[in-house]
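We will go from stop to stop, and at each one you will be told what to select and what to look for.

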Amino acid sequence: MSLTTEHAERYRAISARDTRFDGQFVTAVRSTGIYCRPSCPARTPKPENVTFYPTSAAAHEAGYRACKRCLPEAAPGSPAWNLRGDVAARAMRLIAAGTVEHEGVPGLAQRLGYSPRHLTRLLNAELGAGPLALARAHRAHTARMLLVGTDLPVAEVAFSAGFSSIRQCNDTIREVFAMTPGELRARRRGAIGAESGVIDLLLPHRAPMDAGGVFAWMADRALPGMEVATATSFARNLRMPGGPAHLEVRQTPEGQLRLRARVTRLGDLAPLVSTARRLFDLDADPQAVDEALSAHPQLAPRVAALAGIRVPGAADPHEMLIRAMVGQQITVAAARTALTALVEHLGERTADGGMLFPTMAAIAEHGTDVLRGPAARIRAITGAAAALADGSLTLTVGDDAAEQRERLLAMPGIGPWTADYVRMRVIGDPDVFLPGDVAMRAGAAACGLPGEAKPLAEWATRVAPWRSYLTAHLWRAAPVRAPRQTKTTLKESS
């Protein structure tokens, strides 16, 4: 049997039981009919008996069942869906965000600009499974996570995971895991204890993880009443399709990350988990990032000191654009003050007294009464909010990066820094660089890199496709806060 280079590389990974590759592909074994994560402790099968699939859904469609020993559905997600910008990657991001559950395959296809039939053909050719199969695999993963991580009744697990019926959930779990929901739940370790209405789940991720850096980032930008951040936790309220939701991500003394969540509608739980994962960049491949950056002597000390740095994501794409626009040309503290006023005056209060970020319609209609600064800037912010509210401007986690950037740059008051910053935070693009950012240039100079925009941008091409992580390191390396900005300079502040 002639093996491809990719097959040989992946076989070496499973032979070494390399945990870095967990979630990036699954290993299907023809002699047993099961598929595993790369680090499965079982005996390594013969290479001729192995087929590698990019997703568990593809393995399901090929007739394989999940390994009961390594539970491949419990692995972190693949970083490929952010690293790649093709239709398959965009579809996977939207499926994780719950688009199929809320809008069906026609809605997913419309967002991607294809007919449902053509999208199904594309995904089958690229990933070995169509959108329905991919969404079903995502629901199975969510159901498994809830069965082993909570005491929710099976009926509530079914609807929380996005299934339309309890029977559909039971049948899928039996098909995927070769176990009943009860048998799957019986495999969990330790007792689950949580207050009524709160769901507490483990958030798997690849090590190393600079969680403290993300918590510090959130703390600097937390909006009182809506967000609370400490050295080891971050909590906030946000809108979901079924109503207000609350999430809290906290780090345990053992270094794990756990999510505590409350939702108005159980079907919003799976998208909320995906939101938390994007916020903390939990599907990143930190070893690949650190290896690429530390190959350069100027960066090696930074990487050694901050192993596993993450690029924080966005809880809501629309909110992220407004926060970025408000933060243009002012400091982080000034942006926080302005956004706090916006939340206090235009935000909505939840049943437990917390605040939600204002709707785009509210900002469009009343933003001029709250926002302060140049009139042109206020018009740009309210204009962007109006465009988001009426749908003339779209902004989602599944956008094509180039098209999203073009749409944003066509809006009055949105320049390259804002468009690229939003792309970094909303899509999770790992290769964004902001050479005009004053704080980042100060950090570059402190690291011995060029301090001017053009030569710094040219140097940064050496670390592609990880320039977003270079940006994060340079922000952290800035020795002091940059001075008040002029119209020709920008400071990251959202």
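Two strands are said to pair if DSSP finds at least two bridges between them. With that in mind, and remembering that this is a predicted model, select β1 (26-29) together with strand β2, residues 34-36. These two strands pair in the antiparallel sense, over three bridges. Strands of a sheet pair through backbone hydrogen bonds, either parallel or antiparallel.

Now widen the selection to the whole sheet, an open one in which four strands follow the order β3-β1-β2-β4, with mixed pairing. Which strands stand at the edges? They are β3 (50-53) and β4 (65-66), and because each has a single partner strand, one side of each is left without a neighbour in the sheet.

One joins alanine 207 and proline 208, with omega at about 0°, and proline 208 sits in the loop between β5 (199-202) and α11 (211-221). Another joins alanine 464 and proline 465, with omega at about 10°, and here the proline belongs to the loop between α22 (453-460) and α23 (467-477).

For the next stop, select helix α15, residues 317-326. Is this helix largely enclosed or left open by the rest of the structure? Nine of its ten residues are buried, so α15 is largely enclosed by the rest of the structure; among the buried residues are Pro317, Leu321 and Val326. At the start of α15, look for aspartate 316, where a side-chain oxygen reaches to within 3.1 Å of the backbone nitrogen of histidine 318.

Finally, step into the loop between α15 and α16 (332-346) and select glutamine 329. Glutamine 329 has a positive phi of about 65° although it is not a glycine, and with a relative accessible area of 32% it is partly exposed.

Definitions and conventions:
Residues are numbered from 1 along each chain as its sequence is written. This is a predicted model: local features need pLDDT of at least 70, side-chain atom pairs count only at pLDDT 80 or more; totals for chains, interfaces and linings use all residues. Side-chain values use heavy atoms; hydrogens and water are left out. Buried means under 20% relative accessible area, exposed over 50%, partly exposed in between (1.4 Å probe, protein chains only). A polar contact is a pair of N or O atoms within 3.5 Å; within protein, one must be able to donate a hydrogen and the other to accept it, and residues adjacent in sequence count only if both atoms are side-chain atoms.
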